[in-house]
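Subject: Structure handover

Dear colleague,

I am passing on the structure we talked about, and my notes follow below it. Please read them with the model open beside you.

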Amino acid sequence: MDDVDRAILRELQIDGRIPYADLAPKIGLSPSGTRLRLQRLIDAKAVQVVAVTDPIAMSKRTMALLGLRIGGDSRVVADALSRQDEVVYIVLTSGRFDLLAEVVCSQPRDLLNFINDVVRATEGVVSVESFPYFAIHTHRFLWGVD
């Protein structure tokens, strides 16, 4: 990945729908050259163009990070929980927790039900610690591409 590729990625993080005609002058290429560069990055699986939803706009105002301790194979539990609609992402970790999962629900009662009825009921889950947080407005974090 060179400086031009990184410039493309920086601009796409700001506006993922920017037209090639607008993106090209910002990175110093022609629109067709820009399109080819981006397609090369997509083909190489260095970048994915995806839709990211805003939980607040979708009436999902209750969010939490769950720290899970697992007895057995953490990957099996991660696979099972990742299939749940409430789970935004789940990662294997080392240290205090075996897994961390970010979850979104419509209301606090739904979060409680999800933790009690789904997470704790999943075979291999030994304990769950919930770290709820409150979204007042959305904030987008940009990945460093330098």
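Predicted model: local features only at pLDDT ≥ 70, side-chain atom pairs only at ≥ 80, totals over all residues.

In helix α5, the buried residues are Leu111, Phe114, Ile115 and Val119, where buried means under 20% relative accessible area, exposed over 50% and partly exposed in between, with a 1.4 Å probe and protein chains only. These four cover an arc of only 95° around the axis, which puts them on the same side of α5; the arc is that of the directions from the helix axis to the C-beta atoms. An α-helix has 3.6 residues a turn, so residues three or four places apart point the same way. The face of α5 turned away from that buried side carries the exposed residues Arg109 and Asp117.

Residues are numbered from 1 along each chain as its sequence is written, and side-chain values use heavy atoms, with hydrogens and water left out.

The buried residues of α5 pack against β1 (62–70), α4 (74–82), β2 (87–92), β3 (99–105) and β4 (125–133), contact being taken as heavy atoms within 4.5 Å. Helix α5 itself (residues 108–119) has twelve residues and reaches 15 Å from its first C-alpha to its last, close to the 16 Å expected at 1.5 Å a residue, the expected span being 1.5 Å times one less than the number of residues.

For the chain as a whole, the elements run α-α-α-β-α-β-β-α-β from the N terminus on, which gives five helices and four strands; helices (H or I, at least four residues) and strands (E, at least two) are DSSP runs, numbered from the N terminus. Of the 146 residues in the chain, 31% are buried, and among contacts with a separation of 6 or more, 64% are between residues 24 or more positions apart.

Helix α3 can be described in a similar way. Its buried residues are Gly33, Thr34, Leu38 and Leu41, and they cover an arc of only 130° around the axis, which puts them on the same side of α3. They pack against α1 (3–14) and α2, whereas the face of α3 turned away from its buried side carries the exposed residues Leu36 and Asp43. Thr34, with a relative accessible area of 0%, is in contact with Ile8, Tyr20, Leu23, Ala24, Ile27 and Leu29, leaving aside its neighbours within four places in sequence.

Helix α2 (residues 20–27) and helix α3 (residues 31–43) pack at an angle of about 90°, with their axes 8 Å apart; axes are lines fitted to C-alpha atoms, for helices over the stretch in contact, and angles run from 0 to 180 degrees between N-to-C directions. That makes α2 roughly perpendicular to α3, a term for angles of 65 to 115 degrees. In this contact, Tyr20, Ala21, Leu23, Ala24 and Ile27 of α2 meet Pro31, Thr34, Arg35 and Leu38 of α3.

One backbone detail may deserve a look. Lys45, in the loop between α3 and β1, has a positive phi of about 65° although it is not a glycine. Most residues other than glycine have a negative phi. Lys45 is exposed, with a relative accessible area of 72%.

Best regards

Definitions and conventions. Parallel < 35°, antiparallel > 145°, perpendicular 65-115°, else oblique.
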